[in-house]
Amino acid sequence: MTEDLRALAQEAIAAWHAREDPDYPKFHVAPPVGRLNDPNGLVVRDGVYHAFYQFSPFHPDRALVYWGHASSPDLTRWQDHGPAIVPDSWYDRSGAYSGNALVSGDEVLFHYTGNVRRGDGGRETYQCLVTSSDLATFVKLADNPVISGQPEGYTAHFRDPQVWADPDGGFRMCIGAQRADETGCALLFRSDDLRSWRLEGELRFPDAGGRFDAFGYMWECPSLIRVPDVDGERMHDVLVFCPQGIEPSGEGFENIFACGYVVGRLDGADLRDTGDFFELDRGFEFYAPQTFAREPDASGPVLLAAWLGTASEDHQPSVDHGWVHTLSVARELRVRDGRLLQRPVVNLGAGRDATPTVSGELADGEVALDTLAGSRSFALGFTLDPAAADGWGLRIGTDASHVDFAVTGNQLVVDRATTRYPHGGRRTVTLPDDRRLRVEVFHDRSVTEVFLAEGAVSFSMRSYLAEGAGGVRLRAVGAVALTDVSAARFD
Ligand code: FRU
């Protein structure tokens with residue numbers, strides 16, 4: 001008898017109690033059981049945010065990836081809906097891998113990669129289409145796959161389609177690929193009907209002086225997005241992608257696989273006027289981001305979310321409670337001076353107001369933010385004028401178990417060595433010289449995301465403090481002026 005994979009996943013969810021784990025986050029998407037990795041099919045529909053994600057309900061016993069589904073009215077209060085795409089077809093039997101959403105008429109269309117592992121150790125790759133009119137039932141196209149295998153000259157590492165409607169008509173797809181010579185690239189396809197696709201060619205970078213010709217061995221999760229400038233007047237084309245195999249270079253690229261972007265101007269299959277490749281987030285865990293699709297002609301900010309995990313870090317404390325990994329909070333993107341700014345979007349109104357009374361001049365020393373005392377899930381924002389200070393810092397947690405952010409001059413040092421997270425502890429980030437220091441901190445049980453310099457720098461990570469450790473202290477070396485403080489408690 002063939003297995004009922006949907007029922008098996010639902011049983012796994014029903015049998016588990018991940019939410020009782022004190023490390024389970026309050027306002028980040030996490031799996032109800034098993035493993036989560038990339039965000040998929042992010043979409044805003046009828047004012048509701050939907051986050052699908054790579055979901056392995058039987059982890060670690062059996063590696064089989066579904067799409068899970070969560071939704072939220074405000075990107076803060078999430079409800080899980082269980083499995084959406086189930087890998088029960090011949091073309092996705094080893095996993096329903098990553099892809100995106102496209103709203104078309106009354107339907108949401110999801111493209112994803114069907115992964116098939118062969119008995120001889122090889123793999124086959126199929127691009128597939130699923131439709132849904134209610135986001136409760138998901139129907140695989142009877143004629144799947146829409147692309148079988150990979151084009152000549154490329155290996156079976158061909159996955160993670162991003163499909164969008166071309167304003168000039170028809171549809172385009174950007175997909176991650178590996179050339180036969182084992183260098184990474186993104187391929188572009190075109191279609192008039194979303195059923196038959198023709199290869200347009202590789203995405204080229206004519207103004208980059210060869211910078212991206214041999215840039216890693218595989219590009220995962222590439223997406224071409226349009227992002228407004230901070231002044232709102234210009235739009236930029238931005239390629240977001242995850243090149244595997246980029247060596248660490250002094251500071252930066254320290255995670256196992258890099259995740260970043262190139263700003264340019266898309267002209268056919270050419271990304272012109274390109275800047276350099278910048279990492280999206282400087283934290284220990286951040287990968288495979290994508291942006292929320294919207295209804296055609298709907299306006300709204302460009303919102304991006306990522307997986308706060310990396311390929312080599314499944315071993316962490318939550319595994320003992322039957323779940324692992326989370327998504328990031330959503331971030332609104334804009335471009336300033338050729339680089340992305342990220343503004344976190346969290347509804348503080350969903351928590352309890354906990355704005356501390358500290359404000360104005362902070363003298364040399366340390367101040368505990370009393371309204372957040374002991375809190376293990378909170379948001380905190382403030383503006384600093386560090387010009388008068390020699391340095392400043394934040395300690396989340398206790399002296400025995402904490403995450404530290406310490407800024408001296410334009411050097412930020414982040415230290416999580418005293419947490420229960422077993423994969424690496426300390427990192428240095430050079431902040432931009434012109435740093436308007438709005439600071440936003442989101443600490444949510446076992447996840448911490450910090451945004452500095454109006455979102456020019458973001459730093460995301462897992463941060464399992466000792467049991468019960470919480471709260472936050474601000475430190476000043478010399479006088480620091482503190483204004484516009486806001487805070488909310490989620491526990
Ligand atoms: C990135 C990735 C994708 C793939 C998916 C499989 O983390 O490897 O390339 O589609 O995860 O879960």
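**View A. Proline 145 and its cis peptide bond.** In this predicted model, proline 145 sits in the loop that runs between β8 (139-140) and β9 (147-148). The peptide bond joining asparagine 144 to proline 145 is cis, and its omega is about 0°.

View B. Look for proline 60 in the loop between β2 (48-56) and β3 (66-72).

View C. Around the ligand you will find Asn37, Asp38, Gln54, Tyr97, Ser98, Arg159, Asp160, Glu220, Tyr287 and Trp307. By type, this shell divides into three nonpolar, three polar and four charged residues. Serine 98 brings a backbone N or O atom to 3.1 Å from a ligand oxygen atom. Arginine 159 places a polar side-chain atom 2.8 Å from an oxygen atom of the ligand, and for glutamate 220 the distance from a polar side-chain atom to a ligand oxygen is 2.9 Å. The ligand taken alone exposes 320 Å², of which the protein buries 89%. Two or more residues of the shell come from each of the elements β1 (34-45), β5 (96-104) and β10 (154-165).

**View D. Arginine 427, a buried residue with polar partners.** Arginine 427 belongs to strand β31 (residues 426-430). Its relative accessibility is 7%, so arginine 427 counts as buried. The side chain of arginine 427 makes a polar contact of 2.8 Å with the side chain of asparagine 255. A polar atom of the arginine 427 side chain also lies 3.1 Å from the backbone oxygen of arginine 282.

**View E. Two nonpolar cores.** The largest nonpolar core has 47 residues, and those with the most contacts inside it are Tyr66, Val227, Val238, Tyr261, Leu280, Phe292 and Leu340. Strand β20 (residues 303-307) gives the most to this core, contributing five residues. A second core is separate and has 39 residues, including Val358, Leu362, Leu431 and Ala487. As background for this view, nonpolar side chains in soluble globular proteins tend to be buried together.

View F. Within helix α1 (residues 5-14), Leu5, Ala9 and Ala12 are buried. Looking down the axis of α1, the buried residues fall within an arc of 60°, so they line one face of the helix.

View G. Histidine 325 is not a glycine, yet its phi is positive, near 85°. You can find histidine 325 in the loop between β21 (323-324) and β22 (330-336). With a relative accessible area of 0%, histidine 325 is buried. Aspartate 484 is not a glycine either, and its phi is positive at about 50°. Aspartate 484 is part of strand β36 (residues 480-489). Its relative accessible area is 54%, so aspartate 484 is exposed.

Definitions and conventions:
Residues are numbered from 1 along each chain as its sequence is written. This is a predicted model: local features need pLDDT of at least 70, side-chain atom pairs count only at pLDDT 80 or more; totals for chains, interfaces and linings use all residues. Side-chain values use heavy atoms; hydrogens and water are left out. A nonpolar core is a set of buried Ala, Val, Leu, Ile, Met, Phe, Trp, Tyr and Cys residues joined through side-chain atoms within 4.5 Å. Buried means under 20% relative accessible area, exposed over 50%, partly exposed in between (1.4 Å probe, protein chains only). Helices (H or I, at least four residues) and strands (E, at least two) are DSSP runs, numbered from the N terminus. A residue is near a molecule or strand if one of its heavy atoms lies within 4 Å of it. A polar contact is a pair of N or O atoms within 3.5 Å; within protein, one must be able to donate a hydrogen and the other to accept it, and residues adjacent in sequence count only if both atoms are side-chain atoms. Accessible areas come from the Shrake-Rupley method with a 1.4 Å probe; for residues, only the protein chains shown count as cover. Ala, Val, Leu, Ile, Met, Phe, Trp, Tyr, Cys and Pro count as nonpolar, Asp, Glu, Lys and Arg as charged, and the others, Gly among them, as polar. The arc is that of the directions from the helix axis to the C-beta atoms.
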